[in-house]
Amino acid sequence: MKSSLKIYSALSGTFHNLGSKQKVMKNKKGKSASRRKFIKNSSMAVGSFFIVPSYVVAKGHVRPSDQLNLAAIGAGGKGRSDIANAWNNGANKVVALCDIDSNQCKSSMESFPDAKVYTDFRKMLEEMKDDIDAVTISAPDHIHGVAAMTAMQLGIHVYVQKPLTHNIYEARQLTVGARNHKIVSQMGNQGASNPAQEQLVKWFNDGKIGNVHTVHVWTNRPVWPQGIPLPTEKPALPQHLSAENWDLFIGPAKPVDYHPLYHPFKWRGWWNFGTGALGDMGCHLTDTPFRVLGLGYPTEVECSVGQVFTRDWNPEYIPEGCPPSSSVQIKFEATQKNKLPVKFNWSDGGIRPFHPDLIPADDYLGEPGSGNGVIMIGEKGIMTCGTYGRQPHLYFNNGDKLEMADDFETQNKYAHLPESGHQVAWTEACKAGFNSPEHKALTSSFDYSGPLTETVLMGNLAIRSYTSGNMVDGRRNFDGRRKLIWDGEAMKVTNYDEANQFVSRPFREGWQLI
């Protein structure tokens, strides 16, 4: 490719070829091509040389061509920090915000007063598809899949909160879709970019604990109402929510009446919208052993769940709701990195593993307070950490103990930024383009986070199979309380077909994942 000499125009905010006839790209409607296409094309123009006079780019000024036009689907709660971190103090521009609840996204609207505001992400993406380069998706779990796929099909790069999707099928579709549409993707398990994760990987790669055979992961979640009966009351919608807003909240899910046990925040405890404790913390905590050991698709899963009794002898039957606590075992075959099969044990609801013999009785497990954590037991010792990989420790068979050095040299040049620059690394990769070194360096692109999410949601598949029963001769029968054998490539339980109903979900008309 021949080098082309270009010069920046302070008037138009674009680059023009010198000594050649200017060509204005047109779209099908005859308008100038979008900035998104310009950025995509310019990131591929290897060998081009740009002349940018110093008087044009003043200190602290960001060239328009260096900015991404960002949008947010879900701008309250975690969505507030996701879009703010991606904006990166003006390195990028926020052009649109979408949220069904004006109260929840008020702070984002105040932070980005020039952004167009929508309640329906489908309308936003259709109207602004030529003006949005990348979008953060931080809505409830059931919205992730259809919102991300809609954006990707329009060529818009995506950052999607954990868990990547509501179910296994959606996770697989987003993984494949990101590749097919050449999308720069990142899941919002921000701990993946924590330098402590690099330390854990290095320790294992250096052979500190040998091959790992057993993993324990646990969380104190749920910290919202869970394991409770389905609400039957029909309270009026809050004044700031319309019937249309509520219908948009429902999205692809089964329609239900508004209730404050669903919105805001408490949707996590209902399968219609959320993915329970596993969905909330699984992608943060499971990320560490998945990354360190190079795990692939699981081979089998089995679980048990806590029961709730409000009357003698008969536990509550609440198949619509996530349980108050659960214990899940997932098995993996040996991998290229780890030469032993792995038993992966998950527990939630405040239930945690006991101290292994190598960990002193007075040492916390995982993180201070022992509420969340990871323990990886190997041939030569034990490696532990807390949420996001923090507080990494090694306990050797000979009784020695090793902690992460304060001067550990991270490869993450954005580690000093909020959430270790997880969102910023993604925006810079969007500018560099699909398959660029920046893209390949992302710690949770869908090629990685898709299979990770599938593994986490395998636990939920087992839980839903366990808690679903049918009436036989006046008694409830629970055939699904068994070990499930999993064919990862085919996304199928091979020994109990009834469980496969939970691999995907019925999508409401107009909200299908296409």
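Predicted model: local features only at pLDDT ≥ 70, side-chain atom pairs only at ≥ 80, totals over all residues.

I looked up the strand order and found six strands in an open sheet, running 6-5-4-7-8-9 with parallel pairing. Strand 6 (116-118) and strand 9 (185-188) sit at the edges, each pairing on one side only.

I then checked strand 4 (residues 69-73), which pairs with strand 7 (residues 134-137) in the parallel sense over four bridges. Opposite Leu70 I found Ala134 of strand 7. Helix 2 (residues 78-87) packs on this sheet and touches strands 4, 5, 7 and 8, with its direction at about 175° to that of strand 4.

**Salt bridges.** My count came to 19 salt bridges. One of them joins Glu126 and Lys129, with the closest N and O atoms 2.9 Å apart; Glu126 is partly exposed at 47% relative accessible area.

**Arg221 and Asp280.** Is Asp280 buried or exposed? I found it buried, at 7% relative accessible area. Its salt bridge with Arg221 spans 3.1 Å from N to O. Arg221 lies in the loop between strand 10 and helix 8, and Asp280 in helix 9, so the pair ties together parts that are 59 residues apart in sequence.

**Arg508 and Asp247.** This salt bridge has its closest N and O atoms 2.9 Å apart. Arg508 comes in the segment after strand 21 and Asp247 in helix 8, so parts 261 residues apart in sequence are tied together.

**A network.** Last, I noted that salt bridges with shared partners join Lys162, Arg221, Arg268 and Asp280 into one network.

Definitions and conventions: Residues numbered from 1 in each chain as written. Heavy atoms only, no water. Pairing = 2+ DSSP bridges. Helix = DSSP H or I, 4+ residues; strand = E, 2+ residues; numbered from the N terminus. Contact = heavy atoms within 4.5 Å. Axes fitted to C-alpha atoms, helices over the stretch in contact; angles between N-to-C directions. Salt bridge = Lys/Arg side-chain N within 4 Å of Asp/Glu carboxyl O. Buried < 20%, exposed > 50% of the residue type's maximum accessible area, 1.4 Å probe, protein only.
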